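Here are my notes for you on this one. Have the structure open while you read, and take the points in order.

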Amino acid sequence: MHLPYYLGLLENSEKQLTEAFEYVANHHHDEPDIEQMCQKLSAWSREHHGKVQGFVEKYSEEKSNEPSKLKRDLFAEPRSSSLALLRDLHDLWLLVQEVQLCWVVIQQAALGLRDEELKACYAFCSARTKRQAEWLLSRIKQAAPQTLLVAE
Amino acid sequence: MIQTRDSIQDIWGPRLGYEGQWSVRVDERLEVEPDHWVQSACVLCSNGCGVDIGVKEGRIVGVRGRAVDSVNHGRLGPKGLNGWVANNSPDRLTKPLIRRNGQLEEATWDEAMNLIVQKSKELIEKHTSSSIGFYTSGQLFLEEYYALGIVGKAGLGTPHMDGNTRLCTATAAAALKESFGSDGQPGSYSDLDTTEAILHVGHNIASQQTVLWMRVLDRLAGPNPPKLVVIDPRATYTAEKATVHLAPRVGTNVPVMNGLLHLIIEAGHINQEYIDAHTIGFEELKQVVAKWTPERVEQLTGVPAAKLREAAHILGTCNTLVSTALQGVYQSMQATAAAVQVNNLHLLRGLIGHDGSGIYQMNGQPTAQNTRECGADGDLPGFRNWSNEKHIQELADLWNVHPDQIPHWAPPTHAMQIWRYCEQGSIKMLWISATNPLVSMPDLDRARKILAKDDLFVVVQDAFPTETTALADVVLPAAIWGEKTGCFTNVGRTVHISHKAVDPPGKARSDFDIFVDYSRRMDFRDKDGKPLLTSTWQTTEDGFNAWRECTRGRPCDYTGLSYAKLTGGSGIQWPCNEQYPDGKKHLYENGVFSTDVDYCEDYGHDLETGTPRSQDDYKLLDPKGKAFLKGIDYEPPHEKPDAQYPLWLTTGRVVFHFHTRTKTGRSRELQEAAPDAYVQLSTEDAAHYGIVEGDMIEVKSRRGKVQEPARVGDIEPGLIFVPFHYGYWDQDDRPRAVNELTLTEWDPISKQPHFKYAAVRIRKVNA
């Protein structure tokens with residue numbers, strides 16, 4: 001049974017995402033909407049992380065450390081300038097995709113297990129993960145033209 | 001001075017109680033008897049009262065209300081009766097100014113415009129037109145906004161256009177789009193004549209729309225007075241007249257509204273048939289508000305459960321209801337989400353689209369509606385949808401340009417983001433018209449630093465020297481109300497014409513002429529090489545006629561209106577077309593809303609994150625003319641009092657002044673009636689800090705400080721209030737503009753900044 005492996009992967013991913021949103025909030029506090037929204041979305045991921053932990057305990061203690069590497073690769077070095085904002089949002093979006101895919105995989109297992117609790121947890125968290133991605137994408141689309149064409 | 005009443009001493013005049021039809025009372029104030037009268041409407045609040053301008057020997061000598069006008073029936077408020085004096089003010093700007101060697105020096109129009117054009121062309125060449133931004137007003141005329149909209153969107157093709165309406169009414173538009181698919185107020189002022197109940201949320205109507213308040217007062221004095229529910233943290237003039245006054249803590253509008261909706265649903269006071277036939281989202285909304293029991297609302301907002309129940313009973317059992325919302329909602333936490341709850345109330349009860357029932361998502365400024373309609377702000381002309389390719393194509397056809405010339409690749413840049421791009425240096429030219437951001441923007445210190453930047457070229461177009469013109473690189477002297485012809489539309493969709501009464505002073509030109517001249521000098525052309533605007537736009541009437549075509553088939557249909565039709569009688573409501581030649585009192589009479597996927601102005605947003613919904617997602621919802629019910633839970637404000645800054649600050653307007661006091665501050669009567677700002681605090685807090693009335697108080701936030709004299713009483717402990725009109729042009733000996741203290745942050749959907757809360761501390765400066 002490899003479900004515990006994936007739950008560990010998901011738990012780690014949500015944790016990384018929590019920290020990444022927090023990092024971007026702090027790093028771009030001159031952009032008030034970024035600061036506030038990233039704090040909010042960080043709180044969402046923190047809540048998801050808490051929910052996943054219950055299932056990790058239920059199914060196993062086994063965990064994966066893969067996503068921590070992912071974060072290190074994504075947020076390679078501190079960035080400034082408006083390109084930095086775009087790149088940071090870009091990396092956040094990639095991290096959210098990682099989380100979303102984990103949820104999809106887990107949901108398949110939850111259906112097979114007929115684990116109603118896990119299914120409900122998926123429904124709640126996955127919907128919000130989708131909204132995190134949608135917000136990031138809309139903000140990226142807003143920032144992209146000015147950053148690529150005009151900003152120095 | 002000849003006057004029918006002293007509106008400074010007696011703001012609303014004598015009562016004439018009525019039922020069914022509001023009577024006529026012509027208010028008048030004159031220096032001398034005029035030679036002749038010229039038809040206009042008042043521009044000193046969003047009510048848009050019909051007014052005649054008295055002219056003697058080429059000079060404005062007074063005003064009188066227009067008895068025939070459906071909006072005011074002849075009445076005028078203190079601003080309308082006294083504000084016109086500013087036109088004759090000796091410190092009007094009369095010549096263009098150019099900054100040379102650090103000083104603003106007089107220049108010719110050719111010099112000033114050529115400089116702007118040269119700068120524009122250089123920037124476009126080096127950095128694309130996205131390096132140019134426009135920040136306009138809620139105070140131009142319709143034709144001027146439309147000219148500006150075309151110049152910016154079809155001429156330059158910059159996505160960076162917005163108005164100060166972003167600070168004041170962006171949420172009104174956002175909430176209407178979110179619920180009904182399009183901007184446009186559903187009701188009519190005449191609904192006040194018959195309604196059984198009125199709800200004012202965060203709207204001190206007695207001070208802000210004095211003539212509309214006269215209408216309410218006259219109903220209250222009549223034989224069958226409406227019940228009045230007022231939601232406001234302060235004991236305002238409006239709250240004094242309330243049947244039930246709910247005074248929530250700042251930033252808690254959503255829980256209060258959720259509590260009211262919950263009680264109304266629970267009591268079965270909803271119109272289930274209407275909900276089923278005409279709305280989407282009821283079950284989700286019900287689920288969200290169900291958590292908001294009166295006890296929970298009381299705990300969080302401070303509104304006693306019994307009072308909430310009393311209010312819910314009135315709002316749940318009335319057969320007709322008029323609701324209004326303004327800055328207490330729009331400039332506070334969860335602005336759009338809270339405003340949408342007011343719409344929800346009417347949808348749940350089916351109280352929309354008929355006599356006596358209307359929603360007013362109010363405007364703070366007189367022609368804010370036109371900025372939104374004409375596309376001089378973030379919206380597209382004619383309430384078109386920026387993410388609907390067909391709508392972009394319609395505009396491209398109308399202007400004969402390639403659709404990609406019109407920026408629509410992302411949501412239009414909102415004002416706060418425009419300022420941020422200026423701060424970062426990617427916008428290098430900012431053209432400000434008819435507004436004074438260095439008093440009205442939040443976090444003024446930051447705004448001042450932005451305008452003072454060496455690498456930002458600032459053009460300011462105004463009638464008076466202001467805090468903002470002082471930092472401009474070019475100042476263009478503008479003609480104002482009374483000195484030019486044009487139309488504007490009030491909150492009630494009523495379109496008025498304002499005819500030119502006198503010549504502008506010196507070399508001042510109308511905003512219309514300035515924008516058309518810029519287009520000519522920039523040599524903007526359409527696909528066939530014909531000049532944009534200048535070949536066909538000689539007069540403002542040409543602009544109006546072009547605008548009519550732009551509105552054809554859209555919710556704000558002006559095709560039945562003309563200068564001739566608007567002249568002589570009352571203002572007329574849109575839509576006005578073949579089907580409704582005299583205009584239309586109510587939108588959505590048949591319960592069909594503007595939400596069809598091909599028709600709607602907006603696909604809606606995630607209420608929590610503000611993410612715009614995509615066209616594909618909207619197609620899945622397929623509302624087909626149904627309105628949206630959307631709920632949301634409470635979110636706490638981002639800055640709250642703590643040990644260091646223990647008090648809440650809230651801000652607002654006073655009755656005698658309007659928009660940074662550029663005009664009203666130049667009327668002796670209005671200036672003397674309210675010459676200075678103040679800090680209002682509760683008797684409890686005054687005692688705690690050892691403060692008495694008139695003491696000079698320093699108020700400090702994390703962003704800045706002001707000093708204001710104390711005014712004690714009529715406010716909850718823990719909260720202080722400072723009016724936000726005051727700046728420095730007439731008094732620069734101490735910091736007194738309250739926006740030195742307010743936050744740079746905004747609502748995720750409407751992008752309207754939060755002026756209604758900040759954490760502050762106070763201390764007495766001297767006795």
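1. Let's start where the two chains touch. Between chain A and chain B there are 14 residue pairs in polar contact, with both residues at pLDDT 80 or more. A polar contact is a pair of N or O atoms within 3.5 Å; within protein, one must be able to donate a hydrogen and the other to accept it, and residues adjacent in sequence count only if both atoms are side-chain atoms. On chain A's side, helix H2 (32–59) and helix H5 (116–150) each supply at least two residues. H5(A) gives the most, with twelve residues. (Helices are DSSP runs of H or I with at least four residues, strands are E runs of at least two, and both are numbered from the N terminus.)

2. Before going on, some housekeeping. This is a predicted model, where local features need pLDDT of at least 70 and side-chain atom pairs count only at pLDDT 80 or more, while totals for chains, interfaces and linings use all residues. Residues are numbered from 1 along each chain as written, chains are lettered from A and ligands numbered from 1 in the order written, and side-chain values use heavy atoms, leaving out hydrogens and water.

3. How much do the chains share? In total, 24 residues of chain A are in contact (heavy atoms within 4.5 Å) with 28 residues of chain B. The buried area is about 2,100 Å², and carbon and sulfur atoms give 49% of it; that is the accessible area (1.4 Å probe) that two parts lose on being put together, summed over both. In chain A, Gln36(A), Gln142(A) and Gln146(A) lose the most area to chain B, together 25% of what that side buries.

4. Charges matter for the count here too: there are five salt bridges between chain A and chain B. A salt bridge puts a side-chain nitrogen of Lys or Arg within 4 Å of a carboxyl oxygen of Asp or Glu. One to look up joins Lys40(A) and Glu635(B), at 2.8 Å from N to O.

5. Now look inside chain B. After H5(B) comes Gly181(B), with a positive phi near 90 degrees.

6. Last stop: Lys565(B), in helix H23 (563–566) of chain B. Is Lys565(B) buried or partly exposed? Partly exposed, because its relative accessibility is 33%. A polar atom of its side chain lies 3.3 Å from the backbone oxygen of Gly560(B).

Methods:
Buried < 20%, exposed > 50% of the residue type's maximum accessible area, 1.4 Å probe, protein only.
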